[in-house]
Amino acid sequence: MDITAQSTWIALGMIMFTNIILSGDNAVVIAMASRNLPKELQSKAIFWGSAAAIILRVILTLTAVTLLTLPYLKIIGAVLLIYIGVQLLSESDDDEDGIEGSSNLFSAIKTILIADLVMSLDNVIAVVGVANKAPEEARITLILIGLALSIPLIIFGSTILLKIMDKFPFIVVLGAALLGLLAGEMVLTDPSLVGFFESAPSFLHWVLPALGIALVLIIGYALKRKHQSN
């Protein structure tokens, strides 16, 4: 991996930013799953639940890196990124009310792991999308570094992170827009379409990412207004 390459550092920064933005909900799940435990067990549940979830996320991410080299899977990933970005903009603050608190350590860790398995799919797809901007030989290394550097923020900085996003809502908007941008770029790099886009007009290389951003923002805000009016 060439650590002097600008694209390497840009990709690493974007991986960390994406992880930070998308880890807010995971932090809420961890806190809510542990809330009914005795005080002396809460820190253990947070640590072991987070550790298990992070290992699972690494496995899912490395698998996704391999799978996304296959035709059409990047297109599917792009659609999922659009969906995730829309959800990020439209979801309400109380979407996690259905997470059940647990009264023993094992149940709390199990709740954290199951919830994170479902919720980590967005992190995995988004991180793989960002990693595609780095040189191919550096992608897996950057993904692992980005995940490792984001662990302290997930475990220890969840409350602060959520407060920052509440105070500066534009950060969430930037994160959602980033997912739309990555969705458009993933379509451009799908193995089944690379040949087409190489011979297609060059303006498509910025139209598709711009379209991805527009779809996320328009649909996301429309659903948010609909949710608030109900």
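Student: Which helices do the buried residues of H10 pack against?

Tutor: The buried residues of H10 pack against helix H4 (73-90), helix H8 (170-188) and helix H9 (194-199). Keep in mind that this is a predicted model.

Student: Which residues of H10 are buried?

Tutor: Leu-204, Pro-209, Gly-212, Val-216 and Gly-220 are buried there.

Student: Why is Ile-219 called partly exposed?

Tutor: Ile-219 sits in helix H10 (residues 204-229). Its relative accessibility is 37%. Buried needs under 20%, and exposed needs over 50%. The value for Ile-219 falls in between, so Ile-219 counts as partly exposed.

Student: What makes Ile-219 part of a nonpolar patch on the surface?

Tutor: A patch residue needs over 30% relative accessible area. Ile-219 has 37%, so it passes that cut-off. Leu-211, Leu-215, Ile-218, Ile-219 and Leu-223 form the patch. Together they have about 420 Å² of accessible area.

Student: How do you know that Ser-90 is buried?

Tutor: Ser-90 belongs to helix H4. Its relative accessible area is 10%. The cut-off for buried is under 20%, so Ser-90 is buried.

Student: What is Ser-90 in contact with, leaving aside its neighbours within four places in sequence?

Tutor: Ser-90 is in contact with Gly-220, Leu-223 and Lys-224. Gly-220 is one of the buried residues in H10. Leu-223 is one of the residues of the surface patch.

Student: Which residues have the most contacts inside the largest nonpolar core?

Tutor: That core has 34 residues. Ile-15, Leu-81, Leu-142, Ile-143 and Leu-182 have the most contacts inside it. Helix H1 (6-22), H4, helix H5 (105-131), helix H6 (139-156), H8 and H10 each supply at least two of its residues. H8 gives the largest share, nine residues.

Student: Which residues is Ile-15 in contact with, beyond its neighbours within four places in sequence?

Tutor: Ile-15 is in contact with Val-127, Val-130, Ala-131, Leu-142, Ile-143 and Gly-146. Leu-142 and Ile-143 are also among the core residues with the most contacts.

Student: How many helices and strands does the protein chain have?

Tutor: The protein chain has 10 helices and zero strands. Buried residues make up 44% of its 230 residues.

How values were computed:
Residues numbered from 1 in each chain as written. Predicted model: local features only at pLDDT ≥ 70, side-chain atom pairs only at ≥ 80, totals over all residues. Heavy atoms only, no water. Patch = residues over 30% accessible without salt bridge, like charges linked within 9 Å, V, L, I, M, F, W, Y side chains within 5 Å. Areas by Shrake-Rupley, 256 points an atom, 1.4 Å probe, with all protein chains shown as cover. Salt bridge = Lys/Arg side-chain N within 4 Å of Asp/Glu carboxyl O. Helix = DSSP H or I, 4+ residues; strand = E, 2+ residues; numbered from the N terminus. Buried < 20%, exposed > 50% of the residue type's maximum accessible area, 1.4 Å probe, protein only. Contact = heavy atoms within 4.5 Å. Core = buried A, V, L, I, M, F, W, Y, C linked by side-chain atoms within 4.5 Å.
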